[in-house]
Structure formats: structure tokens, C-alpha cells
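I am opening a notebook on a structure that is new to me, and I mean to write down what I looked up and what came back. The entries follow the order in which I looked.

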Amino acid sequence: MLTDAFSEAVSLIASGNEDLFEILLLSVEVSLTALSISVLLALPLGTLLAISHFAGKRVVITCLNALMAMPPVVIGLLVYLMLSRSGPLGVLGLLYTPTAMVIAQVLLITPIIASLAHQTMEDLHVEYAELFQSLRVSTFRTIPVYLWDARYSLVTAVLAGFGRAVSEVGAVIIVGGNIDHLTRVMTTAIALETAKGELALALALGIILVGMALLVNAAVMSVRALGQRRAYV
């Protein structure tokens with residue numbers, strides 16, 4: 001039975017099954033949208049936390065690190081409460097839409113990217129702090145310089161965020177509802193198809209998901225290697 005299911009799964013991928021690739025494209029679209037928003041928020045935030053000094057900085061960093069370990073289902077629940085009809089944003093009608101899934105993923109991965117960026121920038125700030133102080137460059141003007149100089153290390157953080165987003169199931173199934181042809185993504189479809197006993201589609205999606213994870217890890221290793229080569233040039 002398992003052999004037959006695996007063979008059928010490979011056949012679904014090879015034949016370009018319409019339902020399979022509809023789910024795949026929605027997954028990638030939602031995750032990339034969430035990632036783009038998170039990058040715009042997290043990279044400047046992580047850099048600012050690393051190079052600035054203000055009251056309560058350690059509290060903010062502690063909270064940011066704590067948010068990295070926030071259970072996805074809790075984030076999904078919070079977004080659900082905000083977007084439900086009785087919630088403050090219920091009038092927007094975003095619940096059970098791809099937009100709601102994007103919001104949940106943004107809240108999930110922004111702390112991860114920001115925390116990783118903060119660690120990277122903190123090390124870089126040790127090298128550049130005295131130079132920028134001597135040139136009297138303002139904190140906000142140094143942010144683009146730090147981001148550019150640490151671009152290879154930051155790509156690793158961004159790819160880690162994408163991998164976390166595309167593999168998420170708990171939050172997106174709460175706010176998306178796993179609606180066929182609307183909010184069904186790879187992880188939620190795998191959970192549903194497995195529960196139904198339809199192993200072929202679940203295996204096909206699982207194979208693609210594992211393949212994407214391998215590609216992300218390969219990209220991370222390539223970027224690290226490129227960054228190390230550039231450092232020695």
C-alpha cells in the first residue's frame with residue numbers, strides 16, 4: 001500500500017497535477033509575501049537594537065527572543081481573535097483568507113529574522129562603532145551601511161524565516177480554515193489528506209516540502225561560503 005501511494009505521489013508530481021500545483025503556488029505566494037513584509041520590518045529593527053542605546057533595550061531584546069519561541073497556534077489564536085467578527089478588525093472581513101495567513105506568518109517569522117539580524121549586527125557594531133562616532137554619523141544613517149556589509153549573513157536569516165513560514169501549519173490552519181481552492185496550503189493539505197487516508201497527495205506534497213527544505217539549506221550553505229570567500233578577498 002505504501003509503495004503504491006509513493007508511486008502515485010511521484011506520478012502526481014511528474015504529471016503536473018492541477019490541484020497539487022495550485023496548493024504549491026498558494027503556499028509559495030503566501031510565504032514569500034509574509035517574508036517580504038517581515039524583512040522590511042525585522043532587518044531595520046534588529047540593526048537598530050544592535051547599534052542604539054535606550055532605556056529598556058534589554059527588555060525589548062528579551063521579549064523579542066521570547067517571541068521566537070511563541071507557539072504558532074497561540075499566534076494563530078491571537079490573529080483569529082483580532083480578525084473574527086467580534087474582534088477589532090472583524091469589519092475588514094480578512095478571516096479565512098490568504099491575507100489572514102500572511103498576517104499570521106509575519107507575526108511568526110518577524111521575531112526570528114529580527115533576533116538573528118540583531119546577533120549579526122551586534123558583532124559588526126563592535127568593529128564599526130568607533131569609526132562612525134568619529135565621523136559623527138547618526139544612528140539612522142548607519143543602518144543601510146550595516147545592512148549592506150552584513151548582507152551575506154542576513155540572507156541566512158531571511159532564508160531561515162522563509163523555511164519557517166512555508167513549513168507552518170498550526171497558525172495558518174486556524175486563521176485560514178484550510179478551504180479548498182482558497183486557503184489550502186501544503187502543510188494544511190498534508191494534515192487533511194493524511195486524516196482522510198488519501199496518502200498519495202499527502203506524500204506528493206511532503207516530497208515537495210522536503211525538497212524545498214533541502215533547497216533552502218543548500219542556499220544557506222552557498223551564501224555562507226560566498227560570504228567567507230568575499231571576506232578573504
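Which helix gives the largest share of the lining of the largest cavity? I looked this up before anything else, keeping in mind that the model is a predicted one, and found that helix 2 gives that share, with 3 residues.

Entry on the overall build. I read the secondary structure of the protein chain as 10 helices and 0 strands, so I noted the order of elements from the N terminus as α-α-α-α-α-α-α-α-α-α. Along its principal axes, the C-alpha trace of the chain spans about 70 × 50 × 25 Å.

Entry on the cavity. A search of the whole structure gave me 1 cavity of 30 Å³ or more, and I recorded a volume of about 50 Å³ for the largest cavity. I listed its lining as Ser 27, Val 30, Ser 31, Met 101, Gln 105, Ala 165, Val 166, Glu 168, Val 185 and Thr 187. At least two of the lining residues come from each of helix 2, helix 5 (98–134) and helix 7. When I sorted the lining of the largest cavity by class, I had 5 nonpolar residues, 4 polar ones and 1 charged one.

Entry on helix 2 and helix 7. On the helix 2 side I wrote down Ser 31, Leu 32, Leu 35, Val 39 and Leu 43, which meet Leu 154, Val 158, Gly 161, Phe 162, Ala 165 and Val 166 of helix 7. The residues of this contact divide into 9 nonpolar and 2 polar, with no charged residue. Reading back, I saw that Ser 31, Ala 165 and Val 166 from this contact are also named in the lining of the largest cavity.

Entry on helix 3 and helix 5. How far apart are the axes of helix 3 and helix 5? I found helix 3 (residues 57–68) and helix 5 packed with their axes 8 Å apart, at an angle of about 130°, and the two are therefore oblique to each other. Their crossing is left-handed. In this contact Arg 58, Ile 61, Leu 64, Asn 65, Leu 67 and Met 68 of helix 3 meet Pro 111, Ile 112, Ala 114, Ser 115, His 118 and Glu 122 of helix 5. By class I had 7 nonpolar, 3 polar and 2 charged residues for the contact of helix 3 with helix 5.

I then turned to the second largest pocket, for which I noted a volume of about 300 Å³. It is lined by 18 residues, and those closest to its centre are Asp 19, Glu 193, Lys 196, Glu 198 and Leu 201. Two or more lining residues come from each of helix 1 (2–14), helix 2, helix 9 (186–196) and helix 10 (199–232), and the largest share, 4 residues, comes from helix 1. I sorted the lining of the second largest pocket into 7 nonpolar, 3 polar and 8 charged residues.

Note on methods. Residues are numbered from 1 along each chain as its sequence is written. This is a predicted model: local features need pLDDT of at least 70, side-chain atom pairs count only at pLDDT 80 or more; totals for chains, interfaces and linings use all residues. Side-chain values use heavy atoms; hydrogens and water are left out. Contact means heavy atoms within 4.5 Å. Ala, Val, Leu, Ile, Met, Phe, Trp, Tyr, Cys and Pro count as nonpolar, Asp, Glu, Lys and Arg as charged, and the others, Gly among them, as polar. On a 1 Å grid over the protein atoms alone, a cavity is a set of points where a 1.4 Å probe fits but cannot get out, and a pocket is an open set with protein on both sides within 12 Å along at least five of seven lines; lining residues have an atom within 4 Å of a point. Grid points are joined across faces, edges and corners, and a volume is the space filled by probe spheres set on the points. Axes are lines fitted to C-alpha atoms, for helices over the stretch in contact, and angles run from 0 to 180 degrees between N-to-C directions. Angles under 35 degrees count as roughly parallel, over 145 as roughly antiparallel, 65 to 115 as roughly perpendicular and the rest as oblique. A crossing is left-handed if the near helix is turned anticlockwise from the far one by less than a right angle, and right-handed if clockwise.
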